[in-house]
Amino acid sequence: MIRLRPEIISAIRAVEDPIDLHRYLQCAVELEHSTIPPYLTAMLSLRPGTNLRIAALIRSIIVQEMLHMSIAGNILIAIGGHPQIDKRGFVPDYPGPLPMDIGNGLIVGIEAFSIPLVKNVFMAIEEPEQEIPIKLSAAEQGYATIGQFYDAIQERIRALGPSIFTHKTAPPQVVAPRWFTPDKLFPIVDVDSACHAIDIIKLEGEGTALDPFQAPGEPAHFYTFGSIVAGRELVVTTDGYAYAGTPIEFDPSGVWPLRPNCKIADFTVGSQARTRIEQFAYNYSALLNALHITFNGHPETLDRAIGLMYDLRVLAVAMMQTVADPDSGQTVGPSFEYVKTQGGMP
């Protein structure tokens, strides 16, 4: 399972002042965001019109990671904090560890879709505390899980009680029924609503100890990735669950041959490759800036942020067709470096 240093859980459980809890909710915002660039790259690397089911499954997970990031941000706002999104350190340095160094050495990069990538990295990120029942595994001692990280936050919210919720002074929270249903993204106003919201994050990511589905027909993230690896949908059987449903076809020729872990500095100034990777990085940075504004008092600007995310698809198609290395045939992959300007752009 994904591993988290146990001292982080101990530190959360020792929190006595809600201000000290702000740090860990900021970590939650960063953690939920950190999965989006690798998942998004894998999805965008699928050539238009190919591998449609795989693209749809990954997209559904990305949308839920955006929801989870929003939930963590709303809880932070509700107890008097301010999500910090428009800073260079908010984005992990890919390839590298995810926030809080989770994974005990797991290195996450920015790569084109492949079955090994899903199996060895994406499923490792999403692996639940108790993997059931398609394959059973015993929990190792000495580490904590992401689910336990959220359990510890819930525990402290309950212990600190209703006084930590700053209704009158908190900026508006992000509630966006156009993008997320009200039963998933709702105002955090008290202990119960905060803990219920955290339950949504845990359920969608891991499922439960008894059921791999977060809702009928919708496996939790780990099992969705498992379906992609197995090449079949997860279904209920007479004796449990199996990857034995409708085939999930994978056409390897329907993947752009991206150079992994591209950086802006890899390409010559003024070249087409440099221009396109800069455009992508600048647009993603603009998205983070827009999200920062959205979560710091201006929730009405969420539509602009979502629009910038859709722009990434257009930029990605042009970028991923641009040759990075004529000898290998690899094309330019995205960079999620946080940049303030693009070739002198303000």
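Modeller: Here are some helices, a strand pair and a few loop residues, one topic at a time.

Biologist: What sort of model is this, and how are residues numbered?
Modeller: This is a predicted model, where local features need pLDDT of at least 70, side-chain atom pairs count only at pLDDT 80 or more, and totals for chains, interfaces and linings use all residues. Residues are numbered from 1 along each chain as its sequence is written, and side-chain values use heavy atoms, with hydrogens and water left out.

Biologist: Start with α2. How far apart are its end C-alpha atoms?
Modeller: In helix α2, residues 18–34, they are 24 Å apart, which agrees with the 24 Å that its 17 residues should span at 1.5 Å a residue. The expected span is 1.5 Å times one less than the number of residues. Helices here are DSSP runs of H or I with at least four residues, strands are runs of E with at least two, and both are numbered from the N terminus.

Biologist: How many of the α2 residues are buried?
Modeller: 13 of the 17, so α2 is mostly covered. Buried means under 20% relative accessible area, exposed means over 50%, and partly exposed is in between, with a 1.4 Å probe and protein chains only.

Biologist: What happens at the start of α2?
Modeller: A side-chain oxygen of D17 reaches to within 2.8 Å of the backbone nitrogen of I19.

Biologist: And at the start of α5?
Modeller: There, a side-chain oxygen of S114 comes to within 3.1 Å of the backbone nitrogen of L117. L117 is also one of the buried residues of α5, and others include F122 and E126. The helix has twelve residues, 115–126, and reaches 15 Å from first C-alpha to last, close to the 16 Å expected.

Biologist: Switching to packing. At what angle do α3 and α4 pack?
Modeller: Helix α3 (residues 36–44) and helix α4 (residues 52–78) pack at about 155°, with axes 9 Å apart. That makes α3 roughly antiparallel to α4. Angles under 35 degrees count as roughly parallel, over 145 as roughly antiparallel, 65 to 115 as roughly perpendicular, and the rest as oblique. Axes are lines fitted to C-alpha atoms, for helices over the stretch in contact, and angles run from 0 to 180 degrees between N-to-C directions.

Biologist: What about α3 and α10?
Modeller: The axes of α3 and helix α10 (residues 302–320) come within 10 Å and cross at roughly 55°. That makes α3 oblique to α10.

Biologist: Now strands. How many bridges join β3 to β4?
Modeller: Five, between β3 (residues 232–237) and β4 (residues 240–247), which run antiparallel. Strands pair if DSSP finds at least two bridges between them. The two form a hairpin with two residues between them, and V236 has Y241 in β4 as its bridge partner.

Biologist: Last one, loops. Which residues are joined by a cis peptide bond?
Modeller: Y94 and P95, with omega about -5°. P95 is in the loop between α4 and α5.

Biologist: What is phi of M100, and is the residue buried or exposed?
Modeller: Phi of M100 is near 65°, a positive value in a residue other than glycine. M100 also lies in the loop between α4 and α5, and at 14% relative accessibility it counts as buried.

Definitions and conventions:
A polar contact is a pair of N or O atoms within 3.5 Å; within protein, one must be able to donate a hydrogen and the other to accept it, and residues adjacent in sequence count only if both atoms are side-chain atoms.
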